[in-house]
Amino acid sequence: MLLVYLFHFQIYNLNNSCRVSRMASESDSSSQPQTEGGDFKASASTVSDQNNSLAVDSSSVESTPIVSSSDEVPNFPKPTMPEQNNLQAGNTGKWAIARLASGFGLHLAQKTSGANANAGGVTSSSPSAVLQSVGKGLVDTSLGAVKAVQVRARHMVSQNKRRYQEGGFDLDLTYITDNIIAMGFPAGDMSSGLFGYFEGFYRNHMEEVIKFFETHHKDRYKVYNLCSERLYDASLFAGKVACFPFNDHNCPPINLIPSFCQSAYSWLKDDILNVVVVHCKAGKARTGLMICSLLLFLKFFPTAHECIDYYNQRRCVDGKGLILPSQIRYVKYFERILADFNGESPPGRRCMLRGFRLHECPYWVRPSITISDHNGILFTTRKHPKTKNLMPEDFWIRAPTKGIVVFALPGERGLTELTGDFKIQFHDRQGDFYCWLNTTMMENRLLLNGSDFDDFDKRKLPVPGFKVEIVMIDYDGTMPEKYKANEKPSISSNDSSPSYKASNSGQNKASNDQENDNVFSDSDDEDKAVSVKTSSTNAIPGPGTAPTPPQLSGKTEAQVTTLTKNTQQLTLNSKQQSKSDNKQAERLIPNLNSGDIKAIAADASVFSFGDDEDFESE
């Protein structure tokens, strides 16, 4: 429709132009005789003046000439006539645009041109100017809407954290003390990567952060970046940037905390006006761990608990800043480092993780396990050759009398070697939970409640009273003799269920290991183990020794002789089995199925529960 409308207007303008041109040509042809008549009148007036010698009025001398009827109104030549025609044609086109624009609700402003006032022409403003003003209005409105959405998004992302809203600034930033500042990540610069650049829409923008510090702390600030996932160009802060990175929702290497505190203290003591600015991604948990440790180091408060409470109240409106149990644990670790190691990084204690016991564990909690440190995964039940083909319900062994389930690798020295920091993560259908620990800061046996694990409160089903016992032993890198392959089980050829050989050698080894290996036993009473050992020895004779002839009445000499020969044959077989076992002494037991794991778990040569006299240590 718009094209048809414009086409009709174009034809209309063309007709008008033709009519105006025709009228102009007729006017030019009639102006020629009028000019001749005028010359005649001028000559007649001159003759009259000479004859009468009187001064007369030019109007009386000039009489009305006689002209033809076709020229009722005299028209004098006008050389500007073609320009007026062009102006009229141009105005006609502009008015067509005005009428078209009015159909869309746009009113074109009109103004009188001084140059065209004599011609009585009225011109309108340029359509491009109108479109420019409309576009500018739309852009201004859009920018205002975007700014409002951006402010709203930043406040939503900052959640419960206090914001700095003074002097025209609105930043996710808090003064913990006059010289210690916590803030969110300064995003919006391409040096942080593409995602970091777009994060500037809803996080602190780099330009605003720089403007703030240049305004309030010019040349007096140093920034500490704790993010391992986000970096930026240090030159943006004049090179005053230090990085102490570790992963989100995790704990740092324990030696990173004293290093950070020493660096921040060195900067603060140079000038009383110096400030340290600490941030991670959100500026809350990791930032809180390091700032609380710094408050301890600077002796703002005597205990870790007071430092954590002070930080939480200053940083968050609801007092929930540093809340992860593992991160709180590491602040308390640093409190011990200041007291026991004079603030220096402690050496890592070398241990072997033997296994776990789950106390008050319901039947639906059977997690798989992953052990890792800052360098990667050390052990996982999902990939270990003995457990990767088993369901978690199969390798967790229940102790019926006390309702405890236990996990260990029978026949091996332990799950993995540990030194310093390590992470234990339990993967469960109802939700994962994990914790960070340090071998130097803990005992070989540690009992943790459910609330001591990170994300335990986010599980779908609550588990009241749940506890995890972590069992370790000191380890010097050598393999004890009792964990060698002499504990390897054998499967009976005429029975589908696994069983141990009823050989004299195997029973003696089992009884010796029961006497020595009670790492999973809570009882210190060895009388029961000794009695079991005595009864086993009486039941099956030991290698190299002849059994005591039974003192039974009515037995003949032939029966005694037969029993002696059988005993000698059994002794010879036991020696041959011993030699075979010595050749495979360093080989661990093969990949086992569920039945094998349960059979070994029930054997005292691996570990004993001590359930009959349990919980004395708890």
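A search of the whole predicted model finds 17 salt bridges. In one, the side chain of Glu 199 meets that of Arg 203, with N and O 3.4 Å apart. In the other, the side chain of Glu 199 meets that of Arg 230, with an N to O distance of 3.2 Å. Arg 230 lies in the loop between β5 and β6, whereas Glu 199 belongs to helix α5 (residues 193–199), so this pair ties together parts that are 31 residues apart in sequence. Both Arg 230 and Glu 199 are buried. Glu 199 has a relative accessible area of 2%. Arg 203 also counts as buried, at 15% relative accessibility.

A further salt bridge links Arg 220 to Asp 271, with the closest N and O atoms 2.8 Å apart. Arg 220 sits in the loop between α6 (206–216) and β5, and Asp 271 in the loop between α7 (256–270) and β7; the pair therefore ties together parts that are 51 residues apart in sequence. Arg 220 is partly exposed, with a relative accessible area of 32%. Asp 271 is likewise partly exposed, at 23% relative accessibility. Elsewhere, salt bridges that share partners join Lys 161, Asp 172 and Arg 315 into one network.

Is Arg 163 buried or exposed? Its relative accessible area is 16%, under the 20% limit, so Arg 163 counts as buried. The side chain of Arg 163 makes a polar contact of 3.0 Å with the side chain of Asp 170. A second polar contact, of 3.4 Å, joins the side chains of Arg 163 and Ser 158. Beyond four places in sequence, the contacts of Arg 163 include Arg 154, His 155, Leu 171 and Leu 173. Asp 172, a member of the salt-bridge network with Lys 161 and Arg 315, is also in contact with Arg 163.

The strands β3 to β7 form an open sheet of five strands. Their order is β3-β4-β7-β5-β6, and the pairing is mixed. Strands β3 (173–175) and β6 (241–246) stand at the edges. Each has a single partner strand, so one side of each is left without a neighbour in the sheet. The twist averages 20° from one strand to the next. Strand β5 (residues 221–227) runs parallel to β6, and four bridges join the two. Cys 227 stands opposite Phe 246 in β6.

Helices pack on this sheet. Helix α8 (residues 285–297) lies across β4 (180–183), β5, β6 and β7 (275–279). The helix runs at about 170° to β4. Helix α9 (residues 304–315) touches β3 and β4, and its direction makes about 130° with that of β3.

The protein averages a pLDDT of 72, and 56% of the residues score at least 70. Over residues 31–95, pLDDT stays under 50. The model has 29 contacts beyond four places in sequence for that stretch. Residues 581–591 also stay under 50, and here the model has 23 such contacts.

Conventions
Residues numbered from 1 in each chain as written. Predicted model: local features only at pLDDT ≥ 70, side-chain atom pairs only at ≥ 80, totals over all residues. Heavy atoms only, no water. Pairing = 2+ DSSP bridges. Axes fitted to C-alpha atoms, helices over the stretch in contact; angles between N-to-C directions. Contact = heavy atoms within 4.5 Å. Buried < 20%, exposed > 50% of the residue type's maximum accessible area, 1.4 Å probe, protein only. Polar contact = N/O pair within 3.5 Å; in protein donor to acceptor, adjacent residues only side chain to side chain. pLDDT = per-residue confidence, 0-100. Salt bridge = Lys/Arg side-chain N within 4 Å of Asp/Glu carboxyl O.
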